[in-house]
Structures are given as C-alpha cells and as structure tokens.
Amino acid sequence: MKKLLQESRESLVRRASLLRLSAVSLAENMRSGSFRSLYRGHGIEFNGVREYLPGDDVRSIDWNVTARNDKPYIKTFEEEKELPVFLIIDQSFSMGTSSQKKNRLQQACEAGALLVLASEQNSSPVGMVLFDGKISFSCEPRGGQLQTMLLLSRLDEIPQNAVSGTALPQALRGASKLLRKRSLVFVFSDFRCTEWEQPLALLASQNDVVAVRITDPMDSSLPDVGTVNFSDSESGIHAFLPTSSENLKNEWRDDNNFKREMWKNYCLTHACRPLVMSTEDEPLTVLLRFFSKKERRKQ
C-alpha cells in the first residue's frame, strides 16, 4: 500500500522531540491556569472531601457532607495531570490538490503525526477522527505506545474508496460528543465546504480548538498556463478558464482572500484559534512557531 508520510518513524520522533518542549510547556501552563487558554476551565478536578482545618478556605466547604456529618468538610481538588489531544483531519478529494511536492493531505498528516508523537512523549492521551465524504475512522483519546502506533498507521495510509463530498460538520459535531473532558483539538482542513461554522463554535466552547487551514500558493496566485479545464473535486463541475486573463487572476485572488478573512474572523469571534499552514511550509516549524507565540502572550 502506498504511504503518505515521507519520513521514517525514527526521523519523526527526532523532530517531534523539539515540538515536545513547546507542547509540555503549553500543557503545564494550561493546567496551572497561568496561560489564558480559550477554554475557561480551572485546570483541576474534584478529588473528594476531608475534614475542615483551621485556615482552609471556607468557600470550599461541602455543605451537603457537612450537614450529614455534623461537622465541617471541605472539597479537595487534584490538578489535572493530562492534557488530552484530539486531531480532526480532512481527507476529502480537495485535500489531495497542490502545486507543491506535498499536497494538502500530506501536510495535514505529517503535522498530525508530529502531534501524536509529541503527545506520547508528553504522556497525553491522543485521539483522532478522519473523514472524507463520511467518517472513516474515529478513536477517543487514549495513552500508550499502541495508541500512538495505531494513529500513525492510519495517518500513513492513503484513503481507499474515498467518498466524494466532505463530512467536516459531522466530524466536528461528533468530536463535541466524543470528548468527555476539555482537550486541545486541532482541525486540519481546507474548509472548502459549508455548514461547518456552528459545529466548530460548539466544539470551541467546550475545548481549546486550533483550526488549521491548509493552503497552497495557487489558491491566491493563479499561474499563466493558458486555457485550463478546471474541475471541482467535490462536486465534479468542470469549466474551461483562461489563466492568462488578468480579470480572472484578480477575481481568483480576491475570492480566496475574502474567504480566508471570513474564516479567520469567524474563528476569532468564536473562541477558536486560526492557524494557516501552506503546502510549501515545514509543518514542524509552523507548529513550533504557534506554540512559541502562545508562550510570548503569557509573559
């Protein structure tokens, strides 16, 4: 079977070790509460109760237990030890397009593989959903090497018998139901569909969501290669267009810029962090830059 990832697991592990430093720092800051996460949680979980001691915060008193036992008890909490990571990866036909050596899907899968490996090294449970026109794979966050190998093997497979269309809205809604505790969610897609907005907003209201828009230089700069038969990989619609036309080039660029800005603004106004990754980018560099920016905002 043909493989998507272009490097060995050992090479990805070495490169992911660099990402781990940022991932660990991000997780620690989110747990401690010093990092202004988009998710407004406390970073702690209820652990039980114990008898009240002088100096304890009276706001922590569990009045129900106190009433039953005729003496004061307070709630105790435990700092969360794990930050679940969840990947949502678009494998629809449009993700197979590119003007570079690697297409959009290869970029998404390589970035996903790095995050899976970084999560393993950070002892974070990691899960994933893959989809084209339907959900093809779904796995809730789990820890351990077996989980890592399962996800890496799925990321390394070229989808067989792909279904046309895109199930991005369904994948986002499914993730909202699947994730039982707050998670760091990465959505890798070109967002070339409709009706994803409300499911994304719902997911971001419960989790710390990063929407990664996979782009290509040709999205905004149409090359002059004469009259070309353009086809929509999702709908199958064909049209012959003159790529030498300045009007077409301008409309192509403006339409792409408009859609990208609309996507970005929607993400920012609905507690979702937008991140652009081009097919000409190095995925590790983009991810490291993203985490380092979060570190600078904390200071």
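**View 1. Helix 3 lies across strand 3, strand 4, strand 6 (184-189), strand 7 (208-215) and strand 10, and runs at about 170 degrees to strand 3.** Here contact means heavy atoms within 4.5 Å, while helices (H or I, at least four residues) and strands (E, at least two) are DSSP runs, numbered from the N terminus. Axes are lines fitted to C-alpha atoms, for helices over the stretch in contact, and angles run from 0 to 180 degrees between N-to-C directions. This is a predicted model, in which local features need pLDDT of at least 70 and side-chain atom pairs count only at pLDDT 80 or more, whereas totals for chains, interfaces and linings use all residues. Residues are numbered from 1 along each chain as its sequence is written, and side-chain values use heavy atoms, with hydrogens and water left out. Helix 6 (residues 197-206) lies across strand 3, strand 6, strand 7 and strand 10, and its direction makes an angle of about 140 degrees with strand 7.

**View 2. An open sheet is formed by 6 strands in the order 5-4-3-6-7-10, with mixed pairing.** Two strands pair if DSSP finds at least two bridges between them. Strand 5 and strand 10 (272-278) are the edge strands, each pairing on one side only, and neighbouring strands of this sheet are turned by 15 degrees against each other on average, direction ignored. Strand 3 (residues 85-90) and strand 4 run parallel and are joined by 6 bridges, and Phe86 stands opposite Gly127 in strand 4.

**View 3. A hairpin connects strand 4 to strand 5 through 3 residues.** Strand 4 (residues 126-131) and strand 5 (residues 135-142) run antiparallel, and 5 bridges join them. Phe131 has Ile135 in strand 5 as its bridge partner.

**View 4. Helix 3 (residues 104-121) packs with helix 4 (residues 145-155) at an angle of about 175 degrees, their axes being 10 Å apart.** Helix 3 and helix 4 are therefore roughly antiparallel to each other, since angles under 35 degrees count as roughly parallel, over 145 as roughly antiparallel, 65 to 115 as roughly perpendicular and the rest as oblique. On the side of helix 3 the contact is made by Cys109, Gly112, Ala113, Val116, Leu117 and Glu120, and on the side of helix 4 by Gln145, Thr148, Leu151, Leu152 and Leu155. These residues divide into 7 nonpolar, 3 polar and 1 charged, where Ala, Val, Leu, Ile, Met, Phe, Trp, Tyr, Cys and Pro count as nonpolar, Asp, Glu, Lys and Arg as charged, and the others, Gly among them, as polar.

**View 5. The whole structure holds 5 aromatic pairs.** Rings of Phe, Tyr and Trp (its six-membered ring) pair if their centres lie within 6.5 Å, and planes under 30 degrees apart count as stacked, over 60 as edge-to-face and the rest as tilted. The rings of Phe186 and Phe188 are stacked, because their planes lie at 15 degrees, with centres 6.2 Å apart. Phe186 counts as buried at 1% relative accessibility, as does Phe188 at 0%; buried means under 20% relative accessible area, exposed over 50%, and partly exposed in between (1.4 Å probe, protein chains only). The rings of Phe191 and Trp196, with centres 5.2 Å apart and planes at 70 degrees, form an edge-to-face pair. One aromatic cluster is formed by Phe191, Trp196, Trp263 and Tyr266.

**View 6. Asn256 has its place in helix 7 (residues 246-269).** With a relative accessible area of 16%, Asn256 is buried. Leaving aside its neighbours within four places in sequence, Asn256 is in contact with Asp219 and Ser220.
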